[in-house]
Each structure stands twice: as structure tokens, then as C-alpha cells.
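Please read it with the structure open.

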Amino acid sequence: MSPSYARFYMNISNKTTVDSFINGIILLDKSVSDYTLDSDFIFKGNYKCLKKAIAYAKKTIDNIVKKQPLSINPLIFAGKVDCYKNRLMLAIWNSLTKEKLSRGEPEAAAIYLQVASGHDPMNNIYKKFSIKRKKEVYRKLVERVKNLDIVFINEIQYLEGKHEAMSLLLEMVKFMESINKPIIMTSQKTDLDKAGLIPELAERFESFEYIKIPLPDAEDRIKMLEDFLKEENLSLENELIKNSWQENTEKYSLKHLMGKLNRLTYEAKNSVITAETIEYIFEEKDSMRKILDAVCEYFRIDVKTLIIDERRFACERAIAMYFMKNINREMSFSEIGRRLKRSEDTARIACDKIGRIVDGDKEFINKKKPSQIKTDVEEIGKALNLLD
């Protein structure tokens, strides 16, 4: 099972108490998934794009279980969307638990903080707290973290400009450093040197490592294909298919690459990958245009209007995003947002709304009745040959 990636605003309201505030910003999911460093495909392949990050991850685990001083704290994984930063954090969590259990110790105790993008009630609510309540928040957070093995803070780039939230987390970081407990962070920013990551953070860190996770290069992509074929007992019709794979995946993130590899399992004919198989799984290059054309034809608007018009066609745009995600499950919300000149959060919210309406929710979008939206989705689905 995957961890619950609930955002702060799902747990925090304007009537928030200190305890509910803390519970809202901390995710403590025990069923964190099976992405262990020594069993998940991507982590045992020794690929160059992840080699340094995995080496530091294993060193962190080793230091914790052996109760050795940490030479680097905090550790920051930086990379673009879908480069497996989060999967790497979860792998550390699970691997640490596995290692501790093998030594007869309790499973790893960790907390996971997800920094929200856009509207962030954590920052807005915390800055409204009195000085007394802020001190109480810090005191209770310290009580939580001092008995932990590790703290994860995800997407720290969203802390920029949120001075109240930054102040709180910096105090916690300072405390964790003082008791020699590791903090692992992630950031989508890769164009800054480590000292310029976020000035307020950099000033507080005595020692930290900023590890960039690049896109897999040609050598990594071919090796991943070969490793996957071996693991799944698949073969290639001919060696030229490797060249096609390499060319088609040139700009793929790790997550998207894994999505395509998994497609091979289902599309292979008698366990053989043919040139037609490769062509088929990459035809999504055109599927985005087909979706936009189908949506625009149905609503009798042009693609430029669908993208540019900010309010009037919000519902139509949400339906287009919904089909993009459902036809290409491995496509990220960030990429869907980019296709329609919108943010990652906008794409995620749009897909969730349309999905809920399709499932029977009575939500309106731009004063459009849910029954009509459901009909629109069904008719466009037929046009795309997704429904009978």
C-alpha cells in the first residue's frame, strides 16, 4: 500500500488546536509500501542517475542502526518532478525498518512532512497563533521528534516566502541537529548551488549535502531496458529495438520510464517485444492532441481558446485533463498542467473533480450541472473509442 499523501489543508481548519495543527502537518503512515533499496527494481540496478543518492541513503541507514555520528545532516535530494525523490525517501524508511527488525529492534520511527504548494493553511494558521501557542507547537513537536529515528520533509522549495512555516521548521531542524538525528529533504530546484538553495535554510545548516538526481542518460535507459527484460523474462525481436527505445525515452523521467517498462509486460506478444510494440506504447505522443481535438470538437471551440480562456472554459479544460490522466496513467499532473498552461495542483484538482462527478458526486463546475458534465464525459469517451 502507498502512504497517504494528504495535504495540510485536508487536516487543518480555522478552528485548529495546537494538537490538530501538529497532526495536520505530520504524516505517520505505517503502510509505507515495499520500495526497499535492495528489492525495488529501480534501486538495485546501480544506475548512474541514482548512484550517488543511493550511496548516501545507505550510509544514512548504516549510521542510524549503528548509532554512529552523522557526517552529513541534513541530506537533500534535488530533482525535477518524477525523478523518484519521494520513492527514495520511502525506500530509506522501509530499508531502515527492515535493518532494525533484522537486529531484533523495533521498526523505524519516522515522521513525514509534506510542504504544500499554492494555498498553504499551515503557514496562514501558524502565523495567527499567539506567541504562547507558537511556543506550545514547538514544544510538542520537539517531544514528537526527539524519540524518532529520522524526519523527512518533502518539497522544501515551497517554503520560500512562507516565513512563519520556515521559522517553525528551522527550529525543529536545529533541534534535530543538536541531538544528532537525521533529516532528509527533497526539492524540485536543481539550478542553484547548495549554498543558495534557500538562504534561510543554508544559514542554519552547519553541514549538508545537496544531491542532484538527473534524468537517466542513454546508458542508464538501455541498462534499465535490459534489466527489465531479464527480470520479466522478455526478449527483443531484434537489437534495433534498443535504438528505438533509447530515442523515444530521451527526455523521460524515471517515473515515466518505469511506466513504459511496465507497459512492455502487458503489450509483449508471447513474451517478445516487437517494433510494433514499441511504436504502440509511444503513440501517446499523438494521443494528447487527439484528446484536445475530441474535447474541442465536442464543445465547438478551438484548442487555443480552451487553453487561453481563464474562466469560461474551466470545466471543458478539466474534462480534457481528466482524459489525459486516464488514458496515460503514468503521465504526471505536472506534465498535464504544462500541456494546458496550468499548474500541477490545478491539473490534480481538475482530474479529482471530474472523477468524483463521474462516480456520482453532485458538484457543479462553472455553474454546469454534474449530470451534464457526466454526459459530456461519456460522449467524449465514445468519440475517443473508450466507451461503447
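Predicted model: local features only at pLDDT ≥ 70, side-chain atom pairs only at ≥ 80, totals over all residues.

The points below go from the overall fold to single residues and pairs.

1. The protein chain has 17 helices and 7 strands. It runs to 388 residues, of which 52% count as buried. Take the contacts between residues at least 6 apart in sequence: 74% of them join residues at least 24 apart. Several of the pairs below link distant parts of the chain, including tryptophan 93 with phenylalanine 152.

2. **A stacked aromatic pair.** The cut-off for stacking is under 30 degrees. Tryptophan 93 sits in helix H3 (residues 85-102), while phenylalanine 152 sits in strand E3 (residues 150-154). The two are 59 residues apart. Both tryptophan 93 and phenylalanine 152 are buried.

3. **An edge-to-face pair.** Tyrosine 252 and phenylalanine 282 also form an aromatic pair, with 5.9 Å from centre to centre. Their planes are at 75°, and the pair is edge-to-face. Tyrosine 252 is in the loop between helix H9 (240-248) and helix H10 (254-267). Phenylalanine 282 is in the loop between helix H11 (275-281) and helix H12 (284-299). The pair therefore ties together parts that are 30 residues apart in sequence. Tyrosine 252 and phenylalanine 282 are both buried. With Trp245, these two residues make up one aromatic cluster.

4. **A charge over a ring.** Look at lysine 325 and phenylalanine 333. Lysine 325 lies over the face of the phenylalanine 333 ring, 4.6 Å from the ring centre.

5. **A buried glutamate.** Does glutamate 155 count as buried or exposed? Glutamate 155 is buried, yet it has no salt bridge. Its nearest side chain of opposite charge is lysine 85, at 4.6 Å. Glutamate 155 is placed in the loop between E3 and helix H6 (163-178). Its side chain does make a polar contact of 3.3 Å with the side chain of glutamine 188. Residues up to four places away in sequence aside, glutamate 155 touches Lys85, Gln114, Val115, Thr186, Ser187 and Gln188.

6. **A buried isoleucine.** Isoleucine 354 belongs to helix H16 (residues 344-358). Its relative accessibility is 0%, so isoleucine 354 counts as buried. What is isoleucine 354 in contact with, leaving aside neighbours within four places in sequence? The list is Ala318, Ile319, Tyr322, Ile365, Ile373 and Val377. Alanine 320 is 34 residues from isoleucine 354 along the chain, and their C-alpha atoms are separated by 9.8 Å.

7. Side chains of opposite charge can pair when their charged atoms come close. The structure holds 18 salt bridges. One of them joins lysine 48 and glutamate 219, at 3.2 Å from N to O. Lysine 48 lies in helix H2 (residues 48-65) and glutamate 219 in helix H8 (residues 218-231), so this pair ties together parts that are 171 residues apart in sequence. Lysine 48 has a relative accessible area of 43% and is partly exposed. Glutamate 219, at 53% relative accessibility, counts as exposed.

8. Glutamate 136 and lysine 140 form a salt bridge, with the closest N and O atoms 3.5 Å apart. Both residues lie in helix H5 (residues 131-145). They are 4 residues apart, about one turn of the helix. Glutamate 136 is partly exposed at 27% relative accessible area. Lysine 140 is partly exposed as well, at 22% relative accessibility.

9. Glutamate 143 and lysine 146 meet through their side chains in a salt bridge of 3.2 Å, N to O. Glutamate 143 is partly exposed at 40% relative accessibility. Lysine 146 is partly exposed too, with a relative accessible area of 35%. Elsewhere, salt bridges that share partners join Asp19, Glu136 and Lys140 into one network.

Definitions and conventions
Residues numbered from 1 in each chain as written. Heavy atoms only, no water. Buried < 20%, exposed > 50% of the residue type's maximum accessible area, 1.4 Å probe, protein only. Phe/Tyr/Trp six-rings, centres within 6.5 Å; stacked < 30°, edge-to-face > 60°. Lys NZ or Arg CZ within 6 Å of the ring centre and 35° of its normal. Lys, Arg positive; Asp, Glu negative; His and termini not counted. Salt bridge = Lys/Arg side-chain N within 4 Å of Asp/Glu carboxyl O. Polar contact = N/O pair within 3.5 Å; in protein donor to acceptor, adjacent residues only side chain to side chain. Contact = heavy atoms within 4.5 Å.
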